[in-house]
Amino acid sequence: RHGAGKGEDTSKTSPFHLDLWFYFTLQNWVLDFGRPIAMIILPLEWFPLNKPSAGDYFHMAYNVITPFLLLKLIERSPKTLPRSMVYVSIITFVMGASIHLVGDSVNHRLIFSGYQHHLSVRENPIIKNLKPETLIDSFELLYYYDEYLGHSMWYIPFFLILFIYFTGCFTPVAQGSRMPVAALLLLGPSSLYYWYLVTEGQIFILYIFTFFAMMALVMHQRRKGLVLDSNGLFLFSSFIITLLLIAAWVAWLWNDKILRKKYPGVIYIPEPWAFYTLHLNSLLPAK
């Protein structure tokens with residue numbers, strides 16, 4: 001059996017994984033958040049519109065590095081974790097992130113042609129005048145692969161792996177648990193990235209269910225005399241701060257009529273890039 005040497009000894013406590021959490025935070029900010037920024041600020045002559053952009057190469061690196069870091073994180077758990085589920089999740093993650101790479105590459109390149117992310121596909125001026133009209137269906141299919149199928153296959157396994165790891169982050173109360181200074185320094189950047197992930201990926205439901213599951217597990221383990229170790233506390237605290245950031249973001253844009261039209265329904269959480277194309281894009285000099 002995989003990991004049989006570890007057993008189920010909850011008395012073991014893993015030290016804070018400073019290297020892994022730092023690499024996670026760094027590559028998330030550079031390779032995920034930074035990829036559309038790199039695409040926009042780098043000269044268009046270096047990356048023509050019919051070729052992959054700098055952001056695409058960032059995305060390719062993300063698709064390789066992130067699964068590796070997730071596997072290393074699982075390996076460091078003091079508890080035996082379901083390896084088959086982890087492997088299937090990693091495979092699905094890579095598939096979803098790769099699908100997203102293609103769709104996101106085209107959608108972000110459309111910005112240079114006047115595409116506006118705060119409008120739906122059919123409402124965009126550069127799309128609704130296409131002939132024949134069946135081409136609009138093709139762009140909607142591309143949007144579906146990017147924003148729905150790609151995001152689902154990417155983020156569901158990602159949060160599932162984090163939760164699986166989280167289940168092994170408990171230690172007896174007698175040993176205590178607290179975050180080192182390094183963890184406190186990483187807490188802000190990590191939480192801010194998860195805010196971007198949830199809002200831009202439109203995965204609030206997935207995030208909040210994961211958070212509630214983590215909270216329920218913490219309460220259940222507390223009845224058994226177990227508390228979070230430093231790694232679990234870091235991850236749980238990051239999710240708590242993320243929720244506060246999302247609430248502040250929604251409150252700030254609550255009365256934005258245009259974004260309200262783009263994101264109807266009970267759950268109103270605008271995407272940062274929709275906010276950018278609506279309010280900030282016109283403030284930047286044309287390339």
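Predicted model: local features only at pLDDT ≥ 70, side-chain atom pairs only at ≥ 80, totals over all residues.
The domain assignment divides the protein chain into domain 1, covering residues 15–168, and domain 2, covering residues 171–279. The C-alpha centres of domain 1 and domain 2 are separated by 19 Å. Contact between the two parts involves 34 residues of domain 1 and 39 residues of domain 2. The size of an interface is often given as the accessible area lost when the parts come together. For domain 1 and domain 2, the buried area amounts to about 3,300 Å², with carbon and sulfur atoms contributing 74%.

Polar interactions across this interface were counted separately. There are 6 residue pairs in polar contact between domain 1 and domain 2, with both residues at pLDDT 80 or more. On the domain 1 side that touches domain 2, helix H1 (18–41) and helix H5 (134–166) each provide at least two residues. That side of domain 1 is made up of 21 nonpolar, 10 polar and 3 charged residues. The number of salt bridges between domain 1 and domain 2 is 1.

The side chains of Glu123 and Lys261 form a salt bridge, with 3.8 Å between the closest N and O atoms. Glu123 is located in the loop between helix H3 (83–109) and helix H4 (125–128), whereas Lys261 belongs to helix H9 (residues 257–262); the pair therefore ties together parts that are 138 residues apart in sequence. Glu123 has a relative accessibility of 34% and is accordingly classed as partly exposed. Lys261, at 61% relative accessibility, is classed as exposed, because the value for an exposed residue must be over 50%. A further exposed residue is Phe209, for which the relative accessibility is 57%. Phe209 is part of helix H7 (residues 204–223). Between Phe209 and Lys261 the separation is 52 residues in sequence and 26 Å in space, taken from C-alpha to C-alpha.

The salt-bridge count comes to 7 by the rule applied. One of these salt bridges joins Arg35 and Asp32, whose closest N and O atoms lie 3.0 Å apart. Arg35 and Asp32 are 3 residues apart in helix H1, so about one helical turn separates them. Arg35 and Asp32 are both buried. Together with Asp104, Asp32 and Arg35 are linked in a network of salt bridges.

Another salt bridge is formed by Glu75 and Lys72, with 3.3 Å between the closest N and O atoms. In helix H2 (residues 54–75), Glu75 and Lys72 are also placed 3 residues apart, and therefore about one helical turn separates them. In contrast to the buried Arg35 and Asp32, Glu75 is partly exposed at a relative accessible area of 44%. Lys72 is likewise partly exposed, with a relative accessible area of 29%.

Helix H2 also contains His59. His59 has a relative accessible area of 1% and is therefore buried, the limit for this class being under 20%. The side chains of His59 and His100 are joined by a polar contact of 3.0 Å. When neighbours within four places in sequence are left aside, the residues in contact with His59 are Leu31, Arg35, Ala97, His100, Leu101 and Trp154.

Asn231 is located in helix H8 (residues 230–252). With residues up to four places away in sequence excluded, Asn231 touches Ser14, Pro15, Phe16, His17, Trp21, Tyr165 and Cys169.

Notes
Residues numbered from 1 in each chain as written. Heavy atoms only, no water. Domains from an automatic or database assignment. Contact = heavy atoms within 4.5 Å. Buried area = accessible area lost by both parts, 1.4 Å probe. Salt bridge = Lys/Arg side-chain N within 4 Å of Asp/Glu carboxyl O. Polar contact = N/O pair within 3.5 Å; in protein donor to acceptor, adjacent residues only side chain to side chain. Helix = DSSP H or I, 4+ residues; strand = E, 2+ residues; numbered from the N terminus. Nonpolar A, V, L, I, M, F, W, Y, C, P; charged D, E, K, R; others polar. Buried < 20%, exposed > 50% of the residue type's maximum accessible area, 1.4 Å probe, protein only.
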